[in-house]
Amino acid sequence: MTRHIQNTWLSLQDNTDPLAATGETLRWGVVATGGIARTVVRDLSMLPDAILHAVSSRSRERASEFAREFGFRRHYADDDGVPGYAALAQDPEVDVVYVATPHAQHYEAAKAVIEAGKHVLVEKAFTVNAHEAQELVDLAKARGVFLMEAVWSRFLPSMQRAFEIAESGELGAVRWVSADLGFPAPKDPTNRIWAVEAGGGALLDLTVYPLLWAVGALGFPDSLTALGTLNEDGVDEQNVLALGYSGGQLATLTSSLLAHGPRAATIAGSEGVLTTLGSINNPRELVVRRGWDPPRTEHFDAVGRGYVYELREVTRCVQAGVTESPTMPWAHTLSTMRLFDGVRRQLGVRYPNDERVTR
């Protein structure tokens, strides 16, 4: 397993006003027109130094409708064997691209964009496997373009504050962490969340959020044990991960597409404990109790739907001419994908994308 990577989790952003422009205006392209694209674009449109320039879809009708709804200047679609994302990547006026396709399509779309010399934000999970992730990082490094995984929760003021508290020593030495996220997803085999060819399942869709709490407080683990259930198509319906650390710390993480859970996180230390209220991917309250003292509750609001903060990070980094976010570095994305590969080996989950690696 990958050992703890020494890199700050605390953002360099000033989150007092994430809508304040931080430099030159950037022209954005968006690949895909699904639900997450719509949500993120609504927040992107709030940035004064962002222009909604181009959108692509497999369908010309969907691309046209999306462009009209959100005010994009141009739209692209699959045409004569050329994917819409490839056409968008060649648009000379696009500066940075957000890839919002299903997981299994992230690699090909992001690769085309990077090869065209554009900066890229790739929706989580970054890719389907660590091999694809490493190829994209190597390519971005060679081309000198910015690349980041869109783990939006990592930049939220509430998450940043939780990491700050854990790092401050107020809780003492952190000894264990627990976190869960789940909901009963309708059993629709045409939905990408259940489609093996799309990289469906609880692991790639949900587990990044519980993992944030463990890695943010303890780092990446030294050992991993995974349990889970698969459906008839080999897609993981739910999983439980037990993470072990050389210092004796433990973390338990649960993700489920079968059941509702408390969606809570706990960071337990020798001197105190921190718990969350509100879903762990966007907590609105942190409850901190030191020893047997009365608890202290800290309240948080997020601008927009909460994606503004990661979009500000991309904007700030591109404007500054850096290729890697210090808060969401490539090393953490690669370590996450290697950990997920290890989980899938234990659960017996394979995707069509994995066949490209073994050929």
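Biologist: How many of the 18 residues of H10 are buried?

Modeller: In this predicted model, 14 of them are buried, so H10 is largely enclosed by the rest of the structure. H10 covers residues 330-347.

Biologist: And what span should H10 have at 1.5 Å a residue?

Modeller: Its 18 residues should span 26 Å, and the end C-alpha atoms are 26 Å apart, so the two values agree.

Biologist: What follows H10?

Modeller: Gly 348 does, with a positive phi near 85°.

Biologist: I was looking at Leu 334. Where does it lie?

Modeller: Leu 334 is in helix H10.

Biologist: Why does Leu 334 count as buried?

Modeller: Because its relative accessibility is 8%, and the cut-off for buried is under 20%.

Biologist: Which residues is Leu 334 in contact with, leaving aside neighbours within four places in sequence?

Modeller: Ala 133, Gln 134 and Val 137.

Biologist: And what separates the C-alpha atoms of Leu 334 and Ser 255?

Modeller: A distance of 20 Å, with the two residues 79 apart along the chain.

Biologist: Let's switch to H9. Is that helix mostly covered or mostly open?

Modeller: H9 is mostly covered, with 11 of its 13 residues buried. Among the buried ones are Val 308, Tyr 309, Leu 311, Val 314 and Cys 317, and also Glu 310, Arg 312 and Glu 313.

Biologist: What covers the buried residues of H9?

Modeller: Both strands and helices are involved: the cover includes strands E1 (26-31), E4 (96-99), E5 (119-123) and E6 (147-150), along with helices H1 (35-44) and H6 (157-168).

Biologist: How far does H9 reach from its first C-alpha to its last?

Modeller: H9 runs over residues 308-320 and reaches 18 Å, close to the 18 Å expected at 1.5 Å a residue. Just after H9 comes Gly 321, with a positive phi of about 80°.

Biologist: You mentioned H1. How do the axes of H1 and H2 cross?

Modeller: They cross at roughly 25° and come within 11 Å, H2 being residues 60-70. Angles under 35 degrees count as roughly parallel, and H1 and H2 are therefore roughly parallel to each other. The crossing is right-handed.

Biologist: Which residues make the contact?

Modeller: From H1 there are Ala 37, Arg 38, Val 41 and Arg 42, and from H2 there are Phe 66, Glu 69 and Phe 70. By class, that contact has 4 nonpolar and 3 charged residues, with no polar ones.

Biologist: What about H6 and H8, at what angle do they pack?

Modeller: H6 and H8 (residues 208-218) pack at about 35°, with axes 9 Å apart. The crossing of H6 and H8 is right-handed.

Biologist: Which residues meet there?

Modeller: Met 159, Ala 162 and Phe 163 of H6 meet Leu 212, Trp 213 and Gly 216 of H8. The contact of H6 with H8 divides into 5 nonpolar residues, 1 polar and no charged.

Biologist: One last thing: is Thr 266 buried or exposed?

Modeller: Thr 266 is buried, because its relative accessible area is 15%, and buried means under 20%. Thr 266 has its place in strand E11, residues 265-269.

Biologist: And what is Thr 266 in contact with, leaving aside neighbours within four places in sequence?

Modeller: Thr 266 is in contact with Trp 176, Val 177 and Ser 178, and also with Val 273, Leu 274 and Thr 275.

Technical notes
Residues are numbered from 1 along each chain as its sequence is written. This is a predicted model: local features need pLDDT of at least 70, side-chain atom pairs count only at pLDDT 80 or more; totals for chains, interfaces and linings use all residues. Side-chain values use heavy atoms; hydrogens and water are left out. Helices (H or I, at least four residues) and strands (E, at least two) are DSSP runs, numbered from the N terminus. The expected span of a helix is 1.5 Å times one less than its number of residues. Buried means under 20% relative accessible area, exposed over 50%, partly exposed in between (1.4 Å probe, protein chains only). Contact means heavy atoms within 4.5 Å. Axes are lines fitted to C-alpha atoms, for helices over the stretch in contact, and angles run from 0 to 180 degrees between N-to-C directions. Angles under 35 degrees count as roughly parallel, over 145 as roughly antiparallel, 65 to 115 as roughly perpendicular and the rest as oblique. A crossing is left-handed if the near helix is turned anticlockwise from the far one by less than a right angle, and right-handed if clockwise. Ala, Val, Leu, Ile, Met, Phe, Trp, Tyr, Cys and Pro count as nonpolar, Asp, Glu, Lys and Arg as charged, and the others, Gly among them, as polar.
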